[in-house]
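Please read the following report alongside the sequence and the model.

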Amino acid sequence: MDLNELHRIAAKERERRLPRQIRCCIAAGCLSARSDVVLAQLQDTVNQAGLTEQVHVAGVGCMRLCSQGPLVQIDPDAACYQRVTPENARSIVSGLAGGEVQAEPLDLDHPFFKLQTTVVLENFGKIEPERIETYIEAGGYEALHHVIYELEPAGVIETITKSGLRGRGGAGYPTGIKWATVAKHASERKYVVCNADEGDPGAFMNRSVLESDPHRVLEGMAIAGYAIGANQGYIYVRGEYPLAIERLKKALAQAGRLGLLGSGIFSSPFDFRIDIRIGAGAFVCGEETALMASLMGGRGTPTPRPPYPAEKGLWGMPTLLNNVETFANISTIIRKGPEWFASIGTPKSTGTKVFCLTGKVANTGLVEVTLGTPLRTIVEQIGGGVPGGTIKAVQTGGPSGGCIPAELLDTPVDYDSLGKIGSIMGSGGMIVMDQNTDMVDVARFFMEFCMDESCGKCIPCRAGTVQMHRLLKRIIAGEADRDDLERLEKLCAMVRDTSLCGLGQTAPNPTTSTLRYFRHEYEARLKNSAEGKGSKHPIAPSVSHAGQGERSA
Amino acid sequence: MSVTTLTINGKLVSAAADETILQAARSAGISIPTLCYVEGLSAHGGCRMCLVEIEGSNRLQPACFMKVSEGMSVCTETDRLREYRKMIIEMLFAEGNHVCSICVANNNCELQNAAIATGMDHERLEYTYPRREVDNSHPRFGIDHNRCILCTRCVRTCDELEGAHTWDVSGRGATSKVITDMNQPWGESVTCTSCGKCFMACPTGAIFTKGTTVAEMEHGRAKLEFLVNAREKKQWNV
């Protein structure tokens, strides 16, 4: 494999292109709405109509507006249809010849699409995830060729550092510095690990990337391997993502066959092999030290840092761990240059971030925006606000994050601003809550999640989450008094300060942030309180009872 | 071997460069409370009793893991640390079923000692009264999971000192449990050598010898210390 051959594959793919393409989303969201049947119907109709020479039907990756799926797009007409059913799919094909289309049209100029900036998701809805040729046609693997032949490893790291890219797993550690640290440690073996153990409730960014554009992640990992001097990579993907695993396996096989992974990549002396490791359903394995323990076949429990994985990781060797989305940014940064990337977003938070917009919002799905975009733009314009209601809070960062009240919706979404108001960027879960949401119950929900997912190694997380969960339940039941609330706050501080890993350290966040902004909801339920007198439903909706008893997350 | 100097509680201490804060403190006669740590075994970092404050860092660090460094200034006793240690002990009492008055290890229990040392005179948290089992299937020993604090000393002792790896942990969170072999009754374990080191290492009355009653049992920790000394310092004299 050389650059010419890569270009030949791309040219051949372009030649194959028929005048018209019908693209149907076959990522998990649309698949669950039977997009596989829709795709089969489309293909069948095209075959029957004898249009196989004019119309190409393709199953493509996620088109982002998951709530309206299955989505079907026709190019170059730029027509798009939503909620396509197996019944009305045929009319889309007849519509090409001027017939009436029964499927519901979707406006691609909608703010949901217009206000997004796609970097990580640039190929979404365009390429076919199971065909490497379509990724190559979109410029894929050229960045890998470029770094191997045009750049020294140090040059790659410098490029990434200059771009200002920060870890997309949530903590926001500068990626370039992390790479440089691993590169500095001399060792005969080093590893690159991709963290695809996405576990936050309501988050499916990494899943979509792996299902829609798997090669982008592989290319990013190979570039990282070249930069830090590693020959082996692992993707630790959770077992609950069977489709992502299947597509990754296909992608690995295809890239290996073309000599884009494996020994002597692009006929250079650089070897890089990637293997998949499947998680067994523990949220804590998203924590890097627990992930490595699990990856090596042990019990997935964390160990104290230092030593950091960059120094002593897998089998005691220097290991680079990055999130799926971080790796997905790499090839684009190499292709378009660090200056271009740094020009997007804010000076301290460059580039874009993918969010999963879910909850009580009109448009739910994948959203990629430049960092620094106000939260209001995301939930009100892109998300379309709460249908028939008002926004009460937005939860970011999953069980490690916090609830941002509606008053603070003008906060720009970047690492530092979200941290200042008691939440975190997190991996990208964004749950919108309406006026009927019970914030104490939200805190309880996330506490229960952390309690169930605690590995049990350290006492504050194992026993502290149980105690905090009990107190939250007592508050909700109207059985708690002021001392209990004080005890809850003490426990929050103690568990945050003393837990071994990020899971325990951040488990109190949903509680502390709701205490900070919605304290009255807690206090109104305390026994002997002036306001609530132990009322069980102090915020029960006064107008309708629609939201009562409903869970928000 | 290079030597570093650091300050612990305002006292200048010298230590070998690869020592942990805990080792440096103990050789300087400064005590830091521990529960899961056993000298000579790999550190676990789970009990959080040995957390210390390090100047210039907001994060509390476990002394059993954190290596010393030149000029480091460590504080092992602050109001915050004392309060947190007390809360840890309260959490342990609340999550298990610890009743000293009917325990074989009464007066000979590290959890009890820690409760006294931290001044935990009553429980501020809610007892969870978990339903846990007693495994009496082994001819010489028994394990009462009600008294287990999941410090994993038995797991590490069995693996690292005896080399049998009979013990391990199953489950997660509050339902974690130490198990023998593939979670079968201890008496049916094929790897257990009946050496009793797990019993010696256990800080509470969870692993006990049969034939002892309330407050009668002693762990015989000296034997374990002898073994560790022999391995670590190559000292064979008692």
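## Domains of chain A

The centres of domain 2 of chain A and domain 3 of chain A, taken over C-alpha atoms, are separated by 27 Å. In their contact, where two residues count as touching if their C-beta atoms, placed from the backbone, lie within 7 Å, 15 residues come from domain 2 of chain A and 17 residues from domain 3 of chain A. The side of domain 2 of chain A that touches domain 3 of chain A comprises 4 nonpolar, 6 polar and 5 charged residues; here Ala, Val, Leu, Ile, Met, Phe, Trp, Tyr, Cys and Pro count as nonpolar, Asp, Glu, Lys and Arg as charged, and the others, Gly among them, as polar.

The assignment for chain A, with bounds that come from an automatic or database domain assignment, lists domain 1 (18-107), domain 2 (139-342), domain 3 (352-434) and domain 4 (440-523). This is a predicted model, in which local features need pLDDT of at least 70 and side-chain atom pairs count only at pLDDT 80 or more, while totals for chains, interfaces and linings use all residues. Residues are numbered from 1 along each chain as its sequence is written, and chains are lettered from A and ligands numbered from 1 in the order in which they are written.

Strand 12 (residues 391-396) of chain A is largely enclosed by the rest of the structure, because 6 of its 6 residues are buried, that is, have 20 or more other C-beta atoms within 10 Å of their own, with C-beta atoms placed from the backbone. Helices (H or I, at least four residues) and strands (E, at least two) are DSSP runs, numbered from the N terminus, and two strands pair if DSSP finds at least two bridges between them.

Strand 12 of chain A pairs with strand 14 (residues 429-434) of chain A in the antiparallel sense over 5 bridges, and Ile391(A) has Asp434(A) as its bridge partner in strand 14 of chain A. Strand 13 (residues 402-405) of chain A also runs antiparallel to strand 12 of chain A, joined to it by 4 bridges, with Val394(A) opposite Ile404(A). The hairpin of strands 12 and 13 of chain A has 5 residues between the strands, and in it Gly397(A) takes a positive phi near 80°.

## Contact between chains A and B

Between the chains, 24 residues of chain A are in contact with 25 residues of chain B. Helix 18 (439-453), helix 19 (459-476) and helix 20 (482-498) of chain A each give two or more residues to the side that touches chain B, and the largest share, 8 residues, comes from helix 19 of chain A.

Leaving aside neighbours within four places in sequence, the contacts of Val193(A) include Tyr234(A), Leu295(A) and Leu320(A).

How values were computed:
Buried ≥ 20, exposed ≤ 12 C-beta atoms within 10 Å, placed from the backbone.
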